[in-house]
Amino acid sequence: METRLYLAYLARGELKDYYHETINDLCDRYNLVELREKERLAHMTVKAPFLSEDIEGVERIVDGLAKIEEEILLEVYGIGHFDDKVAYIGADTNYKGRNYIQKIIDEFKAGKFDMSRYDHGDKRLHITFAKKKESGGRFDEVVAYLKENERSFIVPLDNLTLMGKNRGKSGIYKIFEMH
């Protein structure tokens with residue numbers, strides 16, 4: 001049976017705390033029931049969703065990718081939105097980090113996994129806060145609130161996390177610590 005997975009960086013520490021506090025504030029301030037029920041995890045998608053019957057094979061690929069020697073840092077900053085549909089906080093990395101993300105994409109491409117138009121090394125890295133359909137018709141207010149409460153972070157890209165969806169909610173399949 002095929003399983004739908006995607007590969008992400010799972011936020012930790014202060015970034016994770018900021019994310020969840022901000023989501024809770026948004027839900028309380030604007031009564032965003034659908035956003036609260038989503039229980040979105042603070043993550044940055046690295047490889048868009050794909051199907052696989054060989055979960056062990058996927059795990060071997062990700063485990064190999066997690067074995068890197070040098071630390072890669074992410075700069076997380078800047079509230080934005082995609083076409084008034086998705087509000088996010090942006091992220092970026094240096095040349096080495098972009099090459100690493102491209103290497104991840106190339107490994108999955110070589111493995112003949114489903115590829116998306118978002119699977120490329122220079123994509124807009126981001127962590128989604130809310131989608132328009134979750135904003136109770138108050139998307140512009142949500143984005144304005146996010147901009148007023150924006151913070152920035154420099155965090156290590158210290159994990160690759162296989163994630164999947166079940167009943168519309170993201171869940172963790174397996175975390176691979178980078179070393």
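Me: Is Glu 59 buried or exposed?
Reply: The model is predicted, so local features need pLDDT of at least 70, side-chain atom pairs count only at pLDDT 80 or more, and totals for chains, interfaces and linings use all residues. Residues are numbered from 1 along each chain as its sequence is written, and side-chain values use heavy atoms, with hydrogens and water left out. Buried means under 20% relative accessible area, exposed over 50%, partly exposed in between (1.4 Å probe, protein chains only). Glu 59 has 18% relative accessibility, so Glu 59 counts as buried.

Me: Which residue forms a salt bridge with Glu 59?
Reply: A salt bridge needs a side-chain nitrogen of Lys or Arg within 4 Å of a carboxyl oxygen of Asp or Glu. For Glu 59, the closest N and O atoms are 3.5 Å apart, and the partner is Lys 174.

Me: How many residues apart in sequence are the parts that Glu 14 and Arg 151 tie together?
Reply: The side chains of Glu 14 and Arg 151 meet in a salt bridge at 3.5 Å, N to O. Helices (H or I, at least four residues) and strands (E, at least two) are DSSP runs, numbered from the N terminus. Glu 14 lies in helix α1 and Arg 151 in the loop between α5 (139-148) and β6, so the parts they tie together are apart in sequence by 137 residues.

Me: In β4, what is the bridge partner of Ile 79?
Reply: Two strands pair if DSSP finds at least two bridges between them. β3 (residues 73-82) and β4 (residues 86-92) pair in the antiparallel sense over six bridges. They form a hairpin with three residues between them, and Asp 83 in the turn has a positive phi of about 50°. In β4, Ile 79 has as its bridge partner Ile 89.

Me: In β6, which residue is the bridge partner of Val 76?
Reply: Strands β3 and β6 (residues 153-156) run antiparallel and are joined by four bridges. The β6 partner of Val 76 is Phe 153.
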